[in-house]
Each structure stands twice: as C-alpha cells, then as structure tokens.
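This briefing covers a nonpolar core, a helix and a pocket. The sequence and structure come before the details.

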Amino acid sequence: RGMGNVSLKWKAVRYTFGKLWEWDFTPLVVSRVLSEERGRNLVSSYVQRRLPAITSLEEQINLSEYLYLNSILPASGENSLNRILLPGAFARNPLMDRIPKLTVSNPITIVYGEKDWMDKTGGLEVKRICVEQKKVESLKNKTENGKSCELIPDINVHIIKDAGHLLMLENWEEFNSSVIIAGMGVDSISPNMPHPTVLK
C-alpha cells in the first residue's frame, strides 16, 4: 500500500512541477510573492548555504542584497529557462549534440566547478566526439574532399577547484585564470597565478 502511494504521489509531484515549469513558474516567483522580510531572509539563507566559500560578512550581505533586488524585478531572462531546459534542468537540445557540428577554428573551453551539480562527463564526451570526428575527416581528406579537420573544434575541459556551480563566485581567481587561458592561451598568465585543472 505504502509503495503504491509513494509512486502515485511522485507522479503527481512530477506532473505538477512539469506544468508549473511550462507556465514559466521559476524559483524566483517565490521571492515576488513573499513579504520583503521573508524574501530577504530566504535569499540570505540561500547565499549562506550555497556559497560557504564567501566568508566575508560584508560580501555575503552585498550579494544577498543584489540577488534579492534582482529576484523581485519583473521576470525577463528567467522565462527562457523552460525553452532551453526540460523540468529537472535537462537540456532540450544538448550541447553534446551541437558543439561537434560547429565549424570554428578557435578552441572551445567548457568550465565546471569541482563540486558542480553538472556532469563533467558531458564536456569530456564532447571532447571525445570531436577527436573522433577529426580522425574520420583526416582519413576522408586523404581519399576525398571531407570537412576540414581545422574546422572541427578542439575542446578543453577545465575544473575549478573548491567550487560548485557558481564557480565565478566560489573561486573567482581560478575562474579568471581559466577565462584568460581560454581566450589567450596558458602562456598568457603568470605561473604563480592559480591554474584550473585541465581534464584530458
């Protein structure tokens, strides 16, 4: 009896969540319907729970204020979430399927936090697919006119240590180094600057 009820309840929750998602109901809606005091407390507790790397009380207060004021504004960019993500934050059109089809000559860098909820294997799989495509196109070019190997992207996967999904806040120094390396190469930063881990 208990298991059947749990299954039915879970289906009802999933269905309700899916419908709310389709109707542009995002977590930020909650901030807009709460009183100011409760909304501020909610955002402040979120910052303390999710961003323990920010130890300065002044930074926590400023970030909480910034996030709260943004969350109570009329919805804008958040309404695109259900166009690019399925309920549960699964991509409608995954980058894994799209990046290998790009024709670019510059490398693409995918950056994850070490404790990120996003699965790093996605970035590594994109890298593997592109390496395989380069091999195939290289063989084709020997026998016929295939797609130029130079136009299949090189993929770099960086990991920012001691960071979750909000890596630019949780380890901003290593994140900044990752951005500089992605844009200008590893030789563009000093050896004593923090470096991201590069996955092979």
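**Nonpolar core**

The largest nonpolar core consists of ten residues: Ile99, Ile108, Ile110, Tyr112, Val126, Cys130, Ile152, Ile155, Val157 and Ile159. Strand E3 (108-113), helix H7 (121-143) and strand E4 (155-160) each supply at least two residues of this core. This is a predicted model, where local features need pLDDT of at least 70, side-chain atom pairs count only at pLDDT 80 or more, and totals for chains, interfaces and linings use all residues. Residues are numbered from 1 along each chain as its sequence is written, and side-chain values use heavy atoms, with hydrogens and water left out.

- A nonpolar core is a set of buried Ala, Val, Leu, Ile, Met, Phe, Trp, Tyr and Cys residues joined through side-chain atoms within 4.5 Å.
- Buried means under 20% relative accessible area, exposed over 50%, and partly exposed in between (1.4 Å probe, protein chains only).
- Helices (H or I, at least four residues) and strands (E, at least two) are DSSP runs, numbered from the N terminus.

**Helix H3**

- The buried residues of H3 are Gly39, Val43 and Val47.
- They cover an arc of only 70° around the axis, which puts them on the same side of H3; the arc is that of the directions from the helix axis to the C-beta atoms.
- Glu37, Arg38 and Arg49 are exposed on the other side of H3.
- Helix H2 (27-33) and helix H4 (57-71) pack against the buried residues of H3, with contact meaning heavy atoms within 4.5 Å.

**Pocket lining**

- H3 gives the largest share of the lining of the largest pocket, five residues.
- A pocket is an open set of points on a 1 Å grid over the protein atoms alone, where a 1.4 Å probe fits, with protein on both sides within 12 Å along at least five of seven lines; lining residues have an atom within 4 Å of a point.
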